[in-house]
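Here's a quick briefing to read alongside the model. Have the structure open while you go through the points.

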Amino acid sequence: MKQFTSKELRKQWIEFYKERGHVDVGAVSLVSDGSTGVLFNVAGMQPLMPYLLGQKHPLGTRLCNVQGCVRTNDIDSVGDKSHVTFFEMMGSWSLGDYFKKERCQWSFELLTQVFGFDADHLAATVFAGDENAPRDEEGAACRIESGFKKENVYYLPADDNWWGLEYGPCGPDSEMFYIADVPDCGPDCGPGCDCGKYTELGNDVFMQYEKHHDGSLTPLKQKNVDTGWGLERILAFLNGTKDVYQTDLFTSAIAYIEKVSGEKYGADDTKTKSMRILADHLRTSVMLIGDEAKLLPSNTGAGYILRRLIRRAVRHGRVLGLKKENLLAVAGIYIDEVYNDSYPLLVKNRDFILQELQKEIERFESTLENGMKELNKILSAVKEDNKNTIDGNSAFYLYDTFGFPLELTVEMAQEQSISVDEDGFYKAMEQQKQKARDNQNFSAKLSVGSSAVFDSLDENAVTEFTGYEKLVDESSVIAIASGDNLADRLETGAQGTIVVTNTPFYATMGGQVGDKGIISGPDGEFKVLDTIKLPNNRVGHVGEVVSGTVSKNDKVCLKVDETLRMNTCRNHSATHLLQKALQEVLGDGVEQQGSYQDSDRTRFDFSYSQAMTADEIHEVEKKVNAKILEGLSVDTKVMSLEEAKKTGAMALFGEKYSDNVRVVNMGDWSIELCGGTHVKNTSQIGQFKIVSEGGVAAGVRRIEALTGSNALNFHEEQENKLKEAAALLKTNPVDLVAHIKKLQEELKAVKSENESLKSAQAKEALGDVMDQVQEIKGVKLLATSVKGVDMNGLRDLGDQLKTKLSEGVIVLISEADSKVNMVAMATDGAIKSGAHAGNLIKGIAALVGGGGGGRPNMAQAGGKNPSGIDAAIAEAAKVLEGQIK
């Protein structure tokens with residue numbers, strides 16, 4: 001066998017296939033577009049799904065690449081020698097070109113001529129057949145013909161030799177193995193056992209079928225081949241190890257972790273496991289944040305997986321004694337050393353990656369500190385009650401109140417042989433979610449029951465959208481639903497959903513809400529309250545009959561509410577201007593994360609890691625209004641997706657677009673792919689006003705804004721409030737600011753005078769207490785009480801007494817408004833002797849029915865039991881005595 005570095009291995013793979021007529025298609029985003037029902041690209045073939053199903057690939061029928069993948073379904077197994085969450089698949093494909101003969105021959109050449117394996121030590125497996133598909137005799141023959149020994153070709157069942165995702169292209173696969181020079185483990189020893197004699201090297205999938213959602217198989221239009229070799233696995237094997245963490249992908253990171261932690265890799269199983277988890281999870285996190293999708297930690301979907309990876313890394317970093325800066329240094333190793341050539345996007349996004357990692361680490365360190373304290377209380381209570389399970393409500397309390405992840409609760413509880421009622425956790429979560437569901441609006445309730453009922457219609461019963469050109473149109477009713485049932489008619493007062501042959505009503509899509517309006521028939525009128533997208537190219541008009549009857553097959557006139565549509569168009573067009581303005585002010589890293597436009601306002605979510613300043617908001621607003629005043633023409637063109645990309649049109653990452661798309665140009669300033677409705681000229685927007693900016697998730701900000709008459713109304717309301725405020729202060733709006741400043745100065749003076757009076761009163765109430773000073777093991781202690789002083793007053797008194805005392809400890813307790821206030825202070829000299837104000841307060845606060853804490857030099861607490869004040873003062877001496885060394 002020949003040895004390779006990871007960079008050499010990637011290069012050799014691509015060169016081998018280029019020599020055989022393949023084109024390197026490059027890697028795509030790690031984040032899935034959702035077409036296969038998974039969050040990440042988990043296989044090299046996943047992005048090629050449409051072409052495996054028969055669509056023509058623009059680069060031809062022979063393709064190859066090295067594709068990064070993320071798989072976290074076995075995250076709990078990470079920590080051993082082989083499991084990782086990010087991995088690279090070296091792939092090659094035939095899209096209806098060559099099949100089993102050529103594929104088997106090239107795999108054998110790759111193994112023997114490129115990687116230097118001895119043919120006598122190679123084995124292969126093929127599909128044994130079952131009730132769904134026949135035995136792969138052709139695959140076995142091709143393996144033998146290519147050079148594999150007949151006795152080293154094995155037939156295995158579908159569990160071992162059938163490949164496919166949940167649905168899509170699939171077929172029999174044939175795996176290749178290296179046979180070690182060790183005895184058989186038994187009579188059935190072969191590639192299917194895990195004795196260690198057989199090591200998997202690569203996999204050739206012969207895609208002959210398509211698996212449908214109902215589980216059935218049909219032959220593909222074209223026979224494809226998907227070859228996949230795991231880079232980490234083959235790299236380790238070629239370099240004489242079964243530990244992927246001992247390859248050059250990880251050795252630099254592991255060496256740094258060893259240096260900082262003082263631990264030796266492999267010396268201790270627990271510490272080694274933490275090293276592997278830390279190295280793997282940070283590597284994957286770097287890849288996801290630095291990916292073209294710029295994934296950020298969040299509480300849903302792929303963002304939640306990223307958050308979990310970072311937080312597990314932090315926790316295992318703590319096991320090894322690593323701090324935030326150490327974790328960031330490990331991330332830097334991957335960016336600067338390991339993947340700098342293979343993944344240049346990481347280098348380009350270096351600052352962004354480390355910045356977002358730092359934020360999430362800091363965020364979780366706070367969560368971890370507070371959550372672990374509470375979890376430890378819960379674990380102690382479980383043990384005291386002689387139980388072995390944390391109940392679901394407690395687990396949800398940790399999650400809901402402290403943001404403490406369920407999986408971390410489970411993981412830490414397991415370390416103490418305690419389980420977690422996960423079903424109870426999800427039940428508690430569902431109860432909380434149900435409150436939101438109970439408030440869903442009419443159209444949501446109706447559409448849930450209505451969407452599937454139309455599935456039984458003829459496939460030709462579709463709806464053509466005519467609303468780009470017109471707001472009024474003639475049509476025919478092809479179906480009516482009342483709840484979960486199809487109906488022939490709806491009478492006055494009845495609610496339902498109507499489907500017609502053609503409609504000017506826009507259905508809710510892409511953030512733009514559906515139109516409202518009226519459908520008039522020969523015998524009645526139907527008020528459209530919402531318009532929704534239905535499966536199979538149909539549009540549902542949701543609402544109620546306001547007069548007469550509406551029946552199936554009626555010839556009807558559909559009229560969109562023109563005012564509401566125009567207001568929605570203003571908001572949608574303004575959103576395009578807003579996105580462009582944000583990118584100019586905040587940078588190209590701004591990307592749309594979501595949007596919503598109705599007739600009242602626009603809401604735009606975008607990627608940005610910090611709150612916008614008032615100046616930035618003003619600048620964005622100014623740019624948008626400037627483009628409105630310019631009166632830019634808004635033009636829409638339909639073109640192919642490839643043509644649209646060449647124009648530089650902005651597209652929403654992860655959005656699935658059809659072959660032909662609509663491109664909306666606002667002058668030459670804003671160009672976006674968009675299927676929504678818009679104004680004809682930006683001047684029709686009128687004006688634009690941002691009314692709020694805030695965070696909605698980690699790394700995601702939200703702007704809400706108004707346009708047209710809504711913006712005018714907002715300004716009018718603000719002006720009226722200004723006049724009202726001026727009237728209350730007996731001035732005019734022009735002089736209001738100056739008047740407020742004058743009042744603030746007067747208030748400041750009054751407060752200062754009040755504080756001086758309170759301080760003097762507190763000092764008088766305390767009297768001369770220096771004769772109450774005790775000496776505890778050489779440290780002075782003044783512990784006393786005073787009547788009717790608040791916390792601020794106690795702190796002031798404490799500072800004064802500390803000055804008088806010079807060195808020592810002060811404890812002051814006061815009853816005010818039937819509550820107890822407590823302050824403890826310790827000088828530097830007292831702290832050196834062992835005094836700790838925070839722990840002292842903790843030791844006495846319970847006697848007044850309270851709790852608190854703080855720093856070594858100053859702490860405070862509150863309580864509810866004034867009758868315990870004397871006992872607390874007496875206890876202070878005992879607690880301090882226990883602290884002094």
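Let's start inside: Ser107 is buried, at a relative accessible area of 0%, where buried means under 20% relative accessible area, exposed means over 50% and partly exposed is in between (1.4 Å probe, protein chains only). This is a predicted model, so keep in mind that local features need pLDDT of at least 70 and side-chain atom pairs count only at pLDDT 80 or more, while totals for chains, interfaces and linings use all residues. Residues are numbered from 1 along each chain as its sequence is written, and side-chain values use heavy atoms, with hydrogens and water left out.

**Around Ser107**

- Ser107 sits in helix H3, residues 100-114; helices (H or I, at least four residues) and strands (E, at least two) are DSSP runs, numbered from the N terminus.
- Setting aside neighbours within four places in sequence, Ser107 is in contact with Arg143, Met176 and Asp204, contact being heavy atoms within 4.5 Å.

**The chain as a whole**

- The protein chain has 25 helices and 35 strands.
- Its C-alpha atoms fill a box of roughly 105 × 85 × 50 Å along the principal axes.
- Of the 885 residues in the protein chain, 49% are buried.
- Take the contacts between residues at least 6 apart in sequence: 68% of them join residues at least 24 apart.
- The protein chain carries 99 positive and 129 negative charges, and their mean positions are 4 Å apart. Lys and Arg count as positive and Asp and Glu as negative, with His and the chain ends not counted; each charge is placed at NZ of Lys, CZ of Arg, CG of Asp or CD of Glu.

**Strand E13 and its partners**

- Strand E13 (residues 472-482) is largely enclosed by the rest of the structure, because eight of its eleven residues are buried.
- E13 pairs with E22 in the antiparallel sense over five bridges; two strands pair if DSSP finds at least two bridges between them. Asp473 has Leu558 in E22 as its bridge partner.
- E13 also runs antiparallel to strand E16 (residues 495-500), joined by four bridges, with Ile480 standing opposite Ile498.
- Three bridges make an antiparallel pair of E13 and strand E14 (residues 485-487). Here the bridge partner of Ile480 is Ala487.
- The hairpin of E13 and E14 has two residues between the strands, and Gly483 in that hairpin takes a positive phi near 65°.

**Strand E18 and its partners**

- E18 and strand E19 (residues 524-534) run antiparallel, joined by four bridges, and a hairpin of three residues links E18 to E19. Gly517 has Val528 in E19 as its bridge partner.
- E18 pairs with E22 too, antiparallel and over four bridges; Ile518 is partnered there by Lys559.

**A three-stranded open sheet**

- The strand order is E25-E26-E27, with antiparallel pairing. Strand E25 (634-640) and strand E27 (670-673) are the edges, each pairing on one side only.
- From one strand to the next, the twist averages 25°; axes are lines fitted to C-alpha atoms, for helices over the stretch in contact, and angles run from 0 to 180 degrees between N-to-C directions.
- Strand E26 (residues 660-666) meets E27 in an antiparallel pairing over four bridges, and Asn665 has Ile671 in E27 as its bridge partner.

- Most residues other than glycine have a negative phi.
- Asn553 has a positive phi near 75°. Asn553 lies in the loop between strand E21 (550-551) and strand E22 (555-560), and is exposed at a relative accessible area of 55%.
- Lys730 has a positive phi near 55°. Its loop runs between helix H20 (708-728) and helix H21 (736-766), and Lys730 counts as exposed at 76% relative accessibility.
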